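User: I am new to this structure. Please set each term against its definition as we go.

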Amino acid sequence: MSPHSKTAPSAAPAAAAKPVAPVIAQVISSGGKAHASPAIRRFARELGVEVAQVKGNGVKGRVTKDDVQNFIKAALAQPRGAGGNGLQVLASPVIDFAKFGAIETKPLSRIKKISGANLHRNWVTIPHVTQFDEADITDMEAFRKELGAEYAAQNIKITPLAFMLKAAVTALQKFPEFNASLDASGENLVLKQYFHIGVAVDTPDGLMVPVIRDVDKKGIVQLAKELGEVSAKARDKKITAADMQGGCFTISSLGGIGGTAFTPIINAPEVAILGVSRSSMKPVWKDGAFVPRLMLPLSLSYDHRVIDGALGARFAVYLSQVLADIRHLAL
């Protein structure tokens, strides 16, 4: 994925909007126009059913509430994967927005068209769970600034992301299920012995995710240099498809923009992604008193088919501990 956040819908609409596979549809014969009352049309719409696909068994072929409910029951009873991959959803309604006011039509960029299809597939096929945590990066940030001053003359910008990459590898080594992928059958877990990490880069044409390879074998300064190079390459539209393949885990950092948390979408075939928001000073109880500490919000989305809640929480806690004491990076 190219990583993005998704706002969770409220409980009631989420349950009502569950798509129904159209393969069982019995489209009525009157030019596709259904005979149904406004109340039944509203009822069907709330359940995500296109009433024109429901065969009416009421008086003169009118669609009844029972017909809509039976349609849904039949769809749910279908074997998994029936009618293709079972991901068919109702087509978006065609709306003439111009009748409400002035509009401008602007085509999506090629990157957004490609990433959009992948994001949609990843969101609907992977059961996402997002674990939130905070890391105390006060000491890390102090060291980063010292290191930055040291390498400024070499035009190497030491960013927090370089430390995130190293900390992520340390966590992936401790929890190998996160450095894995499901095989095509969905029945086997492929545990990877290499550590390639994707980094979401914001470009004028959309989000790109180049991969930094062998992060475990590189130091902070080398990673910082590569991050600068790959970011410039992405913004200059020089990134190739090969540059964005082979990732084991992805980091999407919005700290430079703002926000306190978000729910990043997993970049399949990976099983987890780390979202990073803007750090802020907060009072933290330490040694019997409140002290100001720089806290970094973390949002870890993971594939619940592979990773359960307890493991997800342990990964997030351990990652926070590593970032809080960067001496762990030398272990």
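Predicted model: local features only at pLDDT ≥ 70, side-chain atom pairs only at ≥ 80, totals over all residues.

User: Which residues of α7 are buried, and on what side of α7 are they?

Analyst: Buried means under 20% relative accessible area, exposed over 50%, and partly exposed in between, with a 1.4 Å probe and protein chains only. In α7 the buried residues are Ile220, Leu223, Ala224, Glu226, Leu227, Val230, Ser231 and Ala234. They cover an arc of only 165 degrees around the axis, so they sit on the same side of α7. The arc is that of the directions from the helix axis to the C-beta atoms. In general, an α-helix has 3.6 residues a turn, so residues three or four places apart point the same way.

User: What covers the buried residues of α7?

Analyst: The cover includes α5, α6, β4, β5 (201-203), β6 (206-208) and β7 (211-212). Contact here means heavy atoms within 4.5 Å.

User: What makes Lys237 stand out by its phi, and is Lys237 buried or exposed?

Analyst: Most residues other than glycine have a negative phi, and most peptide bonds are trans. Lys237, in the loop between α7 and β8, has a positive phi near 60 degrees. Its relative accessible area is 63%, so Lys237 counts as exposed. Asn155, in the loop between α5 and α6, also has a positive phi near 60 degrees. With a relative accessible area of 73%, Asn155 is exposed. As for the peptide bonds, a cis bond joins Ala268 and Pro269, with omega about 10 degrees. Pro269 belongs to the loop between β8 and β9.

User: How do you know to what extent α6 is enclosed by the rest of the structure?

Analyst: Twelve of the 15 residues of α6 are buried, so the helix is largely enclosed. Among them are Leu161, Met164, Lys166, Thr170 and Leu172. Leu172 has a relative accessible area of 1%, which makes it buried. The span of α6 should be 21 Å, and its end C-alpha atoms are 21 Å apart, so the two agree.

User: Which residues does Leu172 touch?

Analyst: Leaving out residues up to four places away in sequence, Leu172 touches Phe178, Asn179, Phe195, Ile197, Phe249 and Phe315. Leu172 and Phe249 are 77 residues apart in sequence and 8.7 Å apart in space, C-alpha to C-alpha.

User: Why is a set of residues called a nonpolar core, and which members of the largest one touch the most others?

Analyst: A nonpolar core is a set of buried Ala, Val, Leu, Ile, Met, Phe, Trp, Tyr and Cys residues joined through side-chain atoms within 4.5 Å. The largest has 54 residues, and Phe178, Ile197, Phe249, Ile251, Leu300, Phe315 and Leu323 touch the most other members. Elements that give two or more residues to this core include α5 (138-151), α6 (160-174), α7 (220-235) and α8 (309-324). The most comes from α6, with ten residues. Apart from this core lies another, of eleven residues, including Ala44, Val51, Val68 and Phe71.

User: What makes Phe175 and Tyr318 an aromatic pair, and of which kind?

Analyst: Rings of Phe, Tyr and Trp (its six-membered ring) pair if their centres lie within 6.5 Å; planes under 30 degrees apart count as stacked, over 60 as edge-to-face and the rest as tilted. A search of the whole structure finds six such pairs. Phe175 and Tyr318 are 5.9 Å apart, centre to centre, with 70 degrees between the planes, an edge-to-face pair. Phe175 lies in the loop between α6 and β2 (180-182) and Tyr318 in helix α8, so the pair ties together parts 143 residues apart in sequence. Both Phe175 and Tyr318 are buried. One aromatic cluster consists of Phe175, Phe178, Phe249, Phe315 and Tyr318.

Technical notes. Residues numbered from 1 in each chain as written. Heavy atoms only, no water. Helix = DSSP H or I, 4+ residues; strand = E, 2+ residues; numbered from the N terminus. Expected span 1.5 Å × (residues − 1).
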